[in-house]
Amino acid sequence: MNSNGELHDFLPLDGGRLLFGIAESDSAEAPGAVLVARSFAVVRPGIGPTCSPDEVLEAVCRDLCPSQPNHLCITVFYGGLGADARMQGYNGMGHRLRRRNTGHVARCPSTHCAANVPAAPELSPLPVDFKLQPGDVVVLNVDDLVRSLGAGADESPDAHLISLLQARPPVSPEQAIQDLHPFLREPGTDDLTFLVIQHQPVHPLLPEETAWQWRVAIGSDLSRLSHVRQRLTKILEKKGVGMETIQDTQLIVEELLANTIRYGCTAASPCRIDMHFRVTPDHLEMCFEDNGLPFNPLAEIAPPDLDADDESRAMGGFGFFLVCELAERIDYVHRDGKNVLTVALALPPNT
Amino acid sequence: MPLKIQNDSPRPHTVRLTLQGHLDTQSALDLDEYLDQQISPDLLILTLDLSKVGFISSMGLRSLFRIRKIMTARNGKVCFVNPSPQVAKVFETVKSQNLLSVFQDEKEFDAYLAYLQKQVVTK
């Protein structure tokens with residue numbers, strides 16, 4: 001949380017639900033930051049696992065509003081995400097919610113908070129209720145966009161923000177943040193706070209703790225590969241996978257994604273790659289599905305000559321060979337317009 | 001993780017580069033560019049310390065083979081020293097572990113450099 005007092009928080013509830021919140025103060029003064037921190041401090045100890053977003057908001061307003069100085073205004077938003085992917089968000093003071101689903105961006109109505117009037121505890125929340133689809137990206141923002149953009153800003157910054165989000169298909173929180181960067185470079189821009197959440201459902205037939213899927217849209221940006229590897233490392237570490245296996249997995253992912261980007265995608269048709277992972281007692285199974293040109297690496301890529309001289313070795317060509325050497329099993333199929341490559345990595349005993 | 005390169009010249013006509021980070025699809029291109037600038041006509045021995053390279057991909061491997069080819073063509077020497085476990089494993093997988101050198105300490109490394117220098121000078 002910086003000195004302007006922007007903060008977000010997550011709170012697991014019962015039944016696989018997740019409560020999330022984002023808050024921001026319009027003041028750069030210390031009291032603003034303190035007020036924001038209190039909005040979450042109220043929630044954590046005082047709210048039980050069965051609470052609803054409106055109960056949370058009521059508790060926050062009840063605690064903060066009577067003591068809020070007249071010159072301070074904070075914006076809070078609390079939402080709930082159910083295990084059935086139903087999102088229930090409740091408006092606080094002045095927030096806006098945008099949902100992005102296959103290019104469509106929905107803007108939900110918000111209340112406005114007069115700058116110098118504390119919000120009343122009895123403020124009625126505006127319900128937001130919709131079911132997320134796999135891959136949906138939700139962008140939450142609590143800033144006063146007109147103020148944040150400064151004098152001379154676009155009269156409809158909301159429209160500008162929505163058009164930025166609609167310019168590219170929805171892919172990942174990382175890409176949503178990247179898409180928003182031009183917005184932040186506007187002259188006189190104040191810092192802006194966004195919380196971006198993506199719905200990534202677990203395969204229904206596989207236990208949640210051992211399987212997960214991940215959609216990555218990289219386009220032609222090879223520099224994103226390192227972000228993918230870093231995130232993958234954190235996920236695998238949490239699942240107790242050993243370091244050598246993590247490094248082998250990183251290498252497999254790097255080589256396959258790099259090949260897909262270089263040879264399977266075009267500028268007109270950016271890459272969309274879905275990765276599915278599953279950890280079993282003996283294997284880490286990875287499945288890569290991409291919408292690139294049909295290509296079977298098992299049939300098309302000849303193994304390199306390992307006895308070649310430096311001249312030949314300097315040309316490269318070891319990528320898929322490394323994948324084959326590390327994996328226990330590799331299968332390919334072209335299905336529903338996608339290349340589907342499945343790689344199984346044997347796990348050492350007691351992983 | 002971006003690749004950091006620390007450069008020092010322990011002896012005349014010798015450059016020692018210590019690489020730190022990941023030598024991957026993206027950073028391999030940066031390394032190529034850097035190495036092209038480092039290869040001056042009087043450079044005879046180039047050492048790449050790989051102890052702090054946490055990850056190497058096939059593109060990183062290609063960069064190392066490329067610089068080896070360039071230096072060999074100029075009658076120079078390239079040493080890949082103290083590989084991290086992941087780097088050693090990748091070299092071994094492509095049957096190139098003979099290109100790696102491991103030294104117990106700086107003294108041993110320095111003695112090896114002196115030996116190499118004698119070799120290239122007497123050619």
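Mentor: Residues are numbered from 1 along each chain as its sequence is written, and chains are lettered from A in the order in which they are written. In this predicted model local features need pLDDT of at least 70, side-chain atom pairs count only at pLDDT 80 or more, totals for chains, interfaces and linings use all residues, and side-chain values use heavy atoms, with hydrogens and water left out.

Trainee: Thanks! Why is Asp248(A) called buried?

Mentor: Buried means under 20% relative accessible area, exposed means over 50%, and partly exposed is in between, with a 1.4 Å probe and protein chains only. Asp248(A) has a relative accessible area of 11%, so it counts as buried.

Trainee: And what makes Lys89(B) partly exposed?

Mentor: Its relative accessibility is 25%, which lies between 20% and 50%, so Lys89(B) is partly exposed.

Trainee: How do you know that Asp248(A) and Lys89(B) form a salt bridge?

Mentor: The term needs a side-chain nitrogen of Lys or Arg within 4 Å of a carboxyl oxygen of Asp or Glu. The closest N and O atoms of Asp248(A) and Lys89(B) are 2.8 Å apart, so the pair qualifies. Helices here are DSSP runs of H or I with at least four residues, strands are runs of E with at least two, and both are numbered from the N terminus.

Trainee: Which salt bridge links distant parts of chain B?

Mentor: Glu106(B) and Arg16(B) meet at 2.9 Å, N to O. Glu106(B) is in helix H4 (residues 106-121) of chain B and Arg16(B) in strand S2 (residues 14-23) of chain B, 90 residues apart. At 10% relative accessibility, Arg16(B) is under the 20% limit and therefore buried.

Trainee: What makes Arg16(B) a contact of Gln6(B)?

Mentor: Contact means heavy atoms within 4.5 Å. Leaving aside neighbours within four places in sequence, Gln6(B) is in contact with Arg16(B), Leu17(B) and Thr18(B). Gln6(B) lies in strand S1 (residues 4-8) of chain B, and at 48% relative accessibility Gln6(B) stays below the 50% limit, so it is partly exposed.

Trainee: How is the buried area between the chains defined, and what is its value?

Mentor: Buried area is the accessible area (1.4 Å probe) that two parts lose on being put together, summed over both. Between chain B and chain A the value is about 2200 Å², of which carbon and sulfur atoms give 57%. The contact takes 25 residues from chain B and 28 residues from chain A.
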